[in-house]
Amino acid sequence: MKRVVCQDSYLISRRDLKNGYLTLTFGPFSRSSSIKPGHFVHIDLPGSNLYFRRAFSVYSVNVKEKSIEIFLKVIGRGSRYLAQLKKGDRVNMLGPVGTPFKLPRKNQSALMVAGGVGLPPILFMTRWMIKRGRKPENIVFVYGGRSAEDIIERSIIKRLGVRFLPVTEDGSYGEKELVTAPLARSLSSGLLKDPVIYACGPESMLRAVDHLATEFETPGQLAFEAPMPCGFGICLGCVIPLRSGGFARVCREGPILPVGRVSWA
Ligand SMILES: Cc1cc2nc3c(=O)[nH]c(=O)nc-3n(C[C@H](O)[C@H](O)[C@H](O)COP(=O)(O)OP(=O)(O)OC[C@H]3O[C@@H](n4cnc5c(N)ncnc54)[C@H](O)[C@@H]3O)c2cc1C
Ligand code: FES
């Protein structure tokens, strides 16, 4: 069984990006070598007066340094607290939590779909696939946000050599459309060999991606978010309903679930 650890970890470095986005690197994290894309860490913030931990997808891992990087946007109390941490400040990390993405087969093409702050597991998975021999030319990377300010890490994505399709709601960067438009075009073009979809973003985006995947009979894996009180499968605070009846715990059976599994009603 996968071993989850709960340990103190310290801020090693930070990158302040635009529009309230930033990355934070914490270490040591003894299980860094077992982390895969889609895993997340559940972070306790000592001194913050916040009762519940906050979940963050792992964005990158440095196994040698035993550190992990997270990518976040300042939204509310927890993310604001994290954003003001200084080098050497302590947090407590529970992880790696959840069921990660599965790699596509060698000859499959991949359609990566990131919406807003859904970027971290999608970019991590893209780098992971390329490191494991998947060809960048077989990867389409669709990334959407409200405006240009929400399309972060562009140079990193471009350097990967994937087919980068940025879109914004106001047209200030890339096409003026939602991520589902280039996704639908890619699926209907018939040019992609045996495609598989990977998506993370707001619930409305995941729902639309799920419907498109079903319509085009394309397999895929969706990364879900939910309120996450305990993070280890006990409280049932993170459940989402399934089409087959019953529920999945986002912290255990998720956060990655196959397309066609969730009931959106
Ligand atoms: C499995 C998982 C992975 C996650 N990965 C990431 C990640 O990589 N990067 C990241 O930035 N966040 C991620 N989140 C969300 C993160 O855990 C927090 O919910 C988020 O940072 C807001 O917390 P907060 O304490 O700042 O806001 P709170 O004070 O808890 O909430 C403030 C307000 O923001 C709203 N809100 C809460 N979460 C979100 C959200 N995700 N989007 C929009 N509004 C929201 C609340 O409804 C509330 O109105 C993830 C969540 C889960 C469950
Ligand atoms: S957060 Fe408690 S069961 Fe998932």
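The domain bounds used here come from an automatic or database domain assignment. In this predicted model, that assignment divides the protein into domain 1, which covers residues 5-97, and domain 2, which covers residues 110-258. Taken over C-alpha atoms, the centres of domain 1 and domain 2 are separated by 21 Å.

Where the two domains meet, 21 residues of domain 1 are in contact with 17 residues of domain 2. On the side of domain 1 that touches domain 2, the elements that give two or more residues are strand S3 (40-44), strand S4 (54-62), strand S5 (67-73) and strand S6 (90-97). Of these, S4 gives the most, with five residues. By residue type, this side of domain 1 divides into 13 nonpolar, five polar and three charged residues.

Turning to the protein as a whole, its secondary structure comes to five helices and 15 strands. The radius of gyration is 18 Å, close to the 18 Å that the globule rule gives for 265 residues, so the protein is as compact as a globular protein of that length. Along the principal axes, its C-alpha atoms fill a box of roughly 50 × 40 × 35 Å.

How much of the protein counts as buried? Of its 265 residues, 43% do, where a buried residue has 20 or more other C-beta atoms within 10 Å of its own. As for the contacts in the protein with a separation of 6 or more, 64% are accounted for by residues 24 or more positions apart.

Note on methods: Residues are numbered from 1 along each chain as its sequence is written. Chains are lettered from A and ligands numbered from 1 in the order in which they are written. This is a predicted model: local features need pLDDT of at least 70, side-chain atom pairs count only at pLDDT 80 or more; totals for chains, interfaces and linings use all residues. Two residues are in contact if their C-beta atoms, placed from the backbone, lie within 7 Å. Helices (H or I, at least four residues) and strands (E, at least two) are DSSP runs, numbered from the N terminus. Ala, Val, Leu, Ile, Met, Phe, Trp, Tyr, Cys and Pro count as nonpolar, Asp, Glu, Lys and Arg as charged, and the others, Gly among them, as polar. The radius of gyration is taken over C-alpha atoms; the globule rule is 2.2 Å times the number of residues to the power 0.38. A residue is buried if 20 or more other C-beta atoms lie within 10 Å of its own, exposed if 12 or fewer, and partly exposed in between; C-beta atoms are placed from the backbone.
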